[in-house]
Amino acid sequence: MSEFKALVVSEEAGSYTATVSNRHIDDLPAGDVLIRVQYSSLNFKDALSATGNKGVTRNFPHTPGIDAAGVVEASSVAELSVGDEVIVTGYDLGMNTAGGFGQYIRVPAAWVLKRPKGLSLRESMVLGTAGLTAALCVDKLEQAGLTPEQGPVLVTGATGGVGSIAVALLSSLGYEVAAATGKALQADFLTRLGATQIVDRTALEVGKDKPILKEQWAGAVDTVGGEILFNVVKALRYGGSVACCGLTAGGQFQGSVFPFILRNVNLMGVDSVEQPLVVKASMWDRLSVQWKLDLSELVQEITLDDLPAEIERILGGKMVGRTLVNLG
Ligand SMILES: NC(=O)c1ccc[n+]([C@@H]2O[C@H](COP(=O)([O-])OP(=O)(O)OC[C@H]3O[C@@H](n4cnc5c(N)ncnc54)[C@H](OP(=O)(O)O)[C@@H]3O)[C@@H](O)[C@H]2O)c1
């Protein structure tokens with residue numbers, strides 16, 4: 001089979017159109033490993049790529065998809081054999097390398113992980129980059145000393161991909177989870193994932209002009225950034241930490257040194273894309289055993305044809321949970 005289906009985003013006079021088209025294996029970039037993709041997932045960054053954000057994707061036509069799970073069809077390296085089930089997340093996949101919204105990808109072996117035994121290919125993509133990022137955030141908070149006894153942990157953007165998995169993971173680890181959301185109607189969904197407190201997003205926008213706020217959170221996973229992030233920093237309990245990984249509310253905030261020098265708090269960055277493969281592997285192993293989650297509550301499954309509408313939805317901040325893409 002040398003032809004396959006892919007979502008192809010084309011650029012014309014500064015506007016971008018995404019259609020499902022036939023591609024040829026020869027269209028794929030050179031690489032060590034050819035993978036027949038069975039599942040991908042939709043992440044916020046894919047929507048940025050699909051709508052011409054040049055910080056994500058410079059050249060079009062392009063196939064987005066920063067996540068892919070499938071079976072090796074050809075390999076030029078000894079470590080990976082035809083028939084191996086593998087996952088690829090991040091690095092340049094779906095950015096300037098044709099990504100998981102196509103039935104085939106060809107990538108360097110250095111990006112490819114064998115599927116952990118405790119996760120199916122489908123389960124690995126229900127988690128995808130969102131799950132990996134949530135796990136990296138929780139791991140970083142725990143490395144900074146966070147334990148369940150210290151008090152509530154806030155998750156912002158809680159109904160989104162990273163947010164909803166962070167809520168479920170923290171709750172399964174015994175944390176008291178406060179879920180901040182702009183979607184009041186999704187309170188039941190968040191409660192079912194394990195949140196014990198629902199915080200209206202607008203409450204986190206109050207107090208921007210103050211140098212410090214009342215101590216509330218022992219820790220936080222922030223997926224939204226902007227002024228909300230620094231308000232969360234200002235409301236950390238003494239010695240608390242926030243793991244910052246996203247920017248749906250904005251990339252900038254006004255801050256001061258006061259929370260750091262008065263409350264001894266930590267603002268920590270988390271990146272899932274360029275982590276060394278060995279770090280990704282250890283997180284995936286954890287997600288497949290000790291941190292294994294039942295995520296049936298938060299996933300919807302779609303096909304390539306459904307992607308353009310779902311891209312609009314995620315860009316509009318309307319996503320709830322995870323969107324799994326079945327490439328058939
Ligand atoms: N650092 C990394 O490696 C990494 C990895 C993955 C994702 N990310 C970033 O993390 C963020 C979340 O990604 P995702 O894939 O989980 O996206 P997502 O599914 O769209 O979730 C984002 C959530 O943010 C909230 N939100 C949307 N617009 C907002 C606004 N204007 N102000 C405040 N909150 C808003 C919404 O949740 P509520 O309605 O519940 O508030 C939304 O569901 C993105 O910025 C993404 O680029 C970074």
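Which pocket is the space taken by the ligand? The ligand takes the space of the largest pocket.

## Basis

This is a predicted model, in which local features need pLDDT of at least 70 and side-chain atom pairs count only at pLDDT 80 or more, while totals for chains, interfaces and linings use all residues. Residues are numbered from 1 along each chain as its sequence is written, and side-chain values use heavy atoms, with hydrogens and water left out.

## Ligand site

The ligand is surrounded by 27 residues, the closest being Thr159, Val162, Thr181, Cys245 and Ser272; a residue is near if one of its heavy atoms lies within 4 Å of the molecule. By class, this shell has 10 nonpolar, 14 polar and 3 charged residues. Ala, Val, Leu, Ile, Met, Phe, Trp, Tyr, Cys and Pro count as nonpolar, Asp, Glu, Lys and Arg as charged, and the others, Gly among them, as polar.

Polar contacts (pairs of N or O atoms within 3.5 Å) involve the backbone at valine 162, where a polar atom is 2.8 Å from a ligand oxygen. A ligand nitrogen is 3.0 Å from a polar backbone atom of cysteine 245, and a backbone N or O atom of valine 270 lies 2.9 Å from a nitrogen of the ligand. The protein buries 88% of the 910 Å² that the ligand exposes when taken alone (Shrake-Rupley method, 1.4 Å probe). Helix H2 (121-143) and helix H3 (161-172) are the elements that give two or more residues to the shell; helices are DSSP runs (H or I) of at least four residues, and strands (E) of at least two.

## Largest pocket

The volume of the largest pocket is about 850 Å³, taken as the space filled by probe spheres set on the grid points. A pocket is an open set of points on a 1 Å grid over the protein atoms alone, where a 1.4 Å probe fits, with protein on both sides within 12 Å along at least five of seven lines; lining residues have an atom within 4 Å of a point.

Of its 39 lining residues, Phe44, Val162, Thr223, Gly246 and Thr248 are the closest to the centre. The lining has 16 nonpolar, 17 polar and 6 charged residues.

## Backbone geometry

Phenylalanine 60 and proline 61 are joined by a cis peptide bond, with omega about 0°. Proline 61 is in the loop between H1 and strand S4 (67-75).

Note on methods: Polar contact = N/O pair within 3.5 Å; in protein donor to acceptor, adjacent residues only side chain to side chain. Sits in = over half its atoms within 2 Å of the grid points.
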